[in-house]
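Good morning, and thank you for coming.

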Amino acid sequence: MYIEKSRVEWIKNLLPDTYLLCVHSPLIASRIKPGQFCNIKVSESDFPLLRRPFSICEVDGEFLHFMFDVHGEGTKILSNKLKDDVIDILGPLGNGFDYTGDYSTAIIAAGGIGIAPFPHLIHKLPSDKKVISFFGGRSKNNVIEYGMKKLLISTDDGSSGFKGNVVQMIESQFDQFRNETVRIFACGPNPMLKALQEFSIKNNIECQISTESAMACGFGICQGCPIDNADGDGYYLICKDGPVFDAKMVKL
Amino acid sequence: MSYTELSVSIGKLHLKNPVLLASGTVGYGNEISQFTDLSKLGGIVTKSLSLKPRKGNPPQRIVETPSGMLNAIGLANVGVEVFIKEKIPFLKELNTTIICNIAASSIEEYVECTKILTPVDTINAFEINVSCPNVKEGGLIFGNDLNSVGRITEMVRAVTNKPLIIKLSPNVSRICEFARIVKEEGGDAVSAINTLVGTSFDIWTRKPKIKNVTGGLSGPAIKPVALAKVLEIKRNVDIPIIGIGGIMNWMDTVEFMIAGATAVQLGTVNFINPNAGVEIVEGLHSYCEKQSIQKLSDLIGSFQL
């Protein structure tokens, strides 16, 4: 793990409120794995005080990409960064996706900005794995396709692709995978993850979900990001034990 | 480079420098040691221990506030037995002072924990948390009550000869009365302050942002309050004070020492910059050089009113 002062290489819009940020972070870039995250200090002042967690979107040599939506003061400040600004990044943190092992098809399930960790995962998947990606958004104005492979889209209002949510879309398509060994990789809002958790348990499919929470430190000392274990008799920490969990391990 | 003496003493507890990391912000040392060299610090205060493990409060446990944060972790900890078996071996190798923080829901539990932990050589001192605002039993019920704080100090004192520090609550009207009773009952020092009770609401759902409704406020937002509490104790009671509250850098540390603190603890800053302690020790060195201060301890309570 490193604390790396990282220079902004570029920042661009994917959607009006969705950004892709590229920073030069050779130490973190050399170590970070798909599904891991970094905790970023967006300003040098005490406002905002805490770092903000962002999953890694892509690694390109010595550069890291982060994809984020603007939804608060911290992400607003981050979206205003300019080339050559320096930001303080702590990472890599947490446990990423386990994409090794015995399966034939990777199903990517992304809800909204939950698409963020998947370009790096898709890039790192072993070449013998088939990939199919499912993205769910509110409407055609919220669709993100960046870095995806074999992408099917759903929208809540039906303005693009399948009408419904991403889990309904996966269910509607699932017959084609009946004879394959499938592993689902999912990231998105909690209700989506919960639906997918139920679906994967019912159909006995491997499913890894990337969870999120407010957190302070990102490496296990503040104890601020608990998630119930499946038995409900204790907590995992999202930062240290996650953010990616086997869907059977946690109660959402 | 001229030689500056950074060491300070709290009773018979000798610290190589006054920079300690506060309980609940360093776990049991292992995670933060990946970012910083703990042997360069005065010491660390381990996460509050209770007799049995506690799973802590349900989420959401933390929320950011202007220049601060609220937390209601609920004293999640591994319990005394696992601490001795699994955490002490790591702490033993750290080459820094280990202060063990104890939290309990009864006076008997404080005594029992201290009794069990006193023979553990790696532990150099105890800090008794009588002021956690986030648990139903114990915590503030004790911290707000002079008799309870006196009684806990007396009873724990009777079962340990190791340095005994009582961590005081700021959620009282006269903190110096609590420091006085700690001294009278044989405590070696006080830590001031624990977090301030606070809350925060989501205006759209009208629900509290943390599940426990209230939490403990920490961070730079509370520094002026903490300084005033340290000063109040310093001016009224002759007891070593460990200053805590929103320290972010060496300048804040110097400020606390001037107000009367013999040592300081860093809390929230560890979450943001886990190497802050080491940077502060370096900053204290250069401050002393610039000010031609030979002994950092000369700063303690050196305020000019």
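Domain bounds here come from an automatic or database domain assignment. On that basis, chain A is divided into domain 1 (2-93) and domain 2 (105-210). This is a predicted model, in which local features need pLDDT of at least 70 and side-chain atom pairs count only at pLDDT 80 or more, while totals for chains, interfaces and linings use all residues. Residues are numbered from 1 along each chain as its sequence is written, and chains are lettered from A and ligands numbered from 1 in the order in which they are written.

The C-alpha centres of domain 1 and domain 2 of chain A lie 24 Å apart. Their contact takes 14 residues from domain 1 of chain A and 13 residues from domain 2 of chain A, where contact means C-beta atoms, placed from the backbone, within 7 Å.

Now to the two chains: 28 residues of chain B are in contact with 22 residues of chain A.

Finally, how do two helices of chain B, α2 (residues 107-117) and α4 (residues 146-157), pack? They meet at an angle of about 30°, with their axes 9 Å apart; helices are DSSP runs (H or I, at least four residues), numbered from the N terminus. Axes are lines fitted to C-alpha atoms over the stretch in contact, and angles run from 0 to 180 degrees between N-to-C directions. α2(B) is therefore roughly parallel to α4(B), a term for angles under 35 degrees. In this contact, B:I107, B:Y110, B:V111 and B:T114 of α2(B) meet B:R151, B:I152, B:M155 and B:V156 of α4(B).

How values were computed:
Parallel < 35°, antiparallel > 145°, perpendicular 65-115°, else oblique.
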